[in-house]
Amino acid sequence: MHEDEPAVAMSESELARRANVSIAVLRKWRRDRSGPRYLKLGRLIRYLARDVDMWLEEHAVDGGSRGLAPGARRQHE
């Protein structure tokens with residue numbers, strides 16, 4: 001984002017739709033401090049798109065080794 005571009009802020013419902021989660025999940029993440037950064041403007045909660053994008057990027061998982069942790073063994077089926 002360039003400095004002259006306005007910050008895009010999303011409401012809870014907009015972020016819930018974008019992330020395909022419920023508003024209750026967003027509220028739990030805020031309580032647990034495990035979700036993306038947010039703004040509290042009086043009673044309004046807003047999420048900046050750049051903070052959400054950064055948070056999503058931090059939670060990306062590399063599936064390079066078929067999801068196994070290093071040194072983990074696959075159970076025989």
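**Close-up views of a predicted model**

**View 1. The buried face of helix α3.** In helix α3, which spans residues 49-58, the residues A49, D51, V52 and W55 are buried. When the helix is seen down its axis, these buried residues fall within an arc of 160°, so they line one face of α3. An α-helix has 3.6 residues a turn, so residues three or four places apart point the same way. E57 and E58, on the other side of α3, are exposed. What do the buried residues of α3 pack against? Their partners are strand β1 (residues 9-10), helices α1 and α2, and strand β3 (residues 44-48). The structure shown here, as in every view below, is a predicted model.

**View 2. The elements of the protein.** The protein contains 3 helices and 3 strands. Read from the N terminus on, its elements follow the order β-α-α-β-β-α. Of its 77 residues, 21% count as buried. Among the contacts with a separation of 6 or more, 44% are between residues 24 or more positions apart.

**View 3. The open sheet.** The 3 strands form an open sheet in the order β1-β3-β2, and their pairing is antiparallel. Which strands lie at the edges? They are β1 and β2 (residues 39-41), each of which pairs on one side only. Strands of a sheet pair through backbone hydrogen bonds, either parallel or antiparallel. Helix α3 packs on this sheet, where it touches β1 and β3. The direction of α3 makes about 65° with that of β3.

View 4. How many bridges join β2 to β3? There are 3 bridges between these two strands, which run antiparallel. L39 stands opposite R46 in β3, and L41 stands opposite L44 in β3. The hairpin of β2 and β3 has 2 residues between the strands, and G42 in this hairpin takes a positive phi near 65°. On the pairing of β1 with β3, 2 bridges join the strands, which again run antiparallel. Here A9 stands opposite L48 in β3.

**View 5. The contact of helices α1 and α2.** Two packed helices are described by the angle between their axes and the distance between the axes. For helix α1 (residues 12-19) and helix α2 (residues 23-32), the axes come within 9 Å and cross at roughly 105°. Angles of 65 to 115 degrees count as roughly perpendicular, and α1 and α2 are therefore roughly perpendicular to each other. Which residues make the contact? Helix α1 contributes E12, S13, L15 and A16, while helix α2 contributes I23, L26, R27 and R30. Sorted by class, the contact of α1 with α2 comprises 4 nonpolar residues, 1 polar residue and 3 charged residues.

**View 6. The surroundings of R30.** R30 is placed in helix α2, and this residue is one of those that make the contact with α1. Is R30 buried or exposed? Its relative accessible area is 15%; because the cut-off for buried is under 20%, R30 counts as buried. Leaving aside residues up to four places away in sequence, R30 touches E12, Y38, I45 and Y47. Of these neighbours, E12 is also listed among the residues of α1 in the contact of the two helices.

**View 7. The loop between α1 and α2.** Both N20 and V21 are found in the loop between α1 and α2. Most residues other than glycine have a negative phi, and most peptide bonds are trans. Phi of N20, however, is near 60°, a positive value in a residue other than glycine. N20 counts as exposed, at 71% relative accessibility, whereas V21, at 25%, counts as partly exposed. What does V21 touch? Residues up to four places away in sequence not being counted, V21 touches A16, L26 and W29. Among these, A16 of α1 and L26 of α2 also take part in the contact of the two helices.

**View 8. R33 in the loop between α2 and β2.** R33 lies in the loop between helix α2 and strand β2. Its phi is near 55°, a positive value in a residue other than glycine. The relative accessibility of R33 is 75%, and R33 therefore counts as exposed.

Key: Residues are numbered from 1 along each chain as its sequence is written. This is a predicted model: local features need pLDDT of at least 70, side-chain atom pairs count only at pLDDT 80 or more; totals for chains, interfaces and linings use all residues. Side-chain values use heavy atoms; hydrogens and water are left out. Axes are lines fitted to C-alpha atoms, for helices over the stretch in contact, and angles run from 0 to 180 degrees between N-to-C directions. Helices (H or I, at least four residues) and strands (E, at least two) are DSSP runs, numbered from the N terminus. Angles under 35 degrees count as roughly parallel, over 145 as roughly antiparallel, 65 to 115 as roughly perpendicular and the rest as oblique. Contact means heavy atoms within 4.5 Å. Ala, Val, Leu, Ile, Met, Phe, Trp, Tyr, Cys and Pro count as nonpolar, Asp, Glu, Lys and Arg as charged, and the others, Gly among them, as polar. Buried means under 20% relative accessible area, exposed over 50%, partly exposed in between (1.4 Å probe, protein chains only). The arc is that of the directions from the helix axis to the C-beta atoms. Two strands pair if DSSP finds at least two bridges between them.
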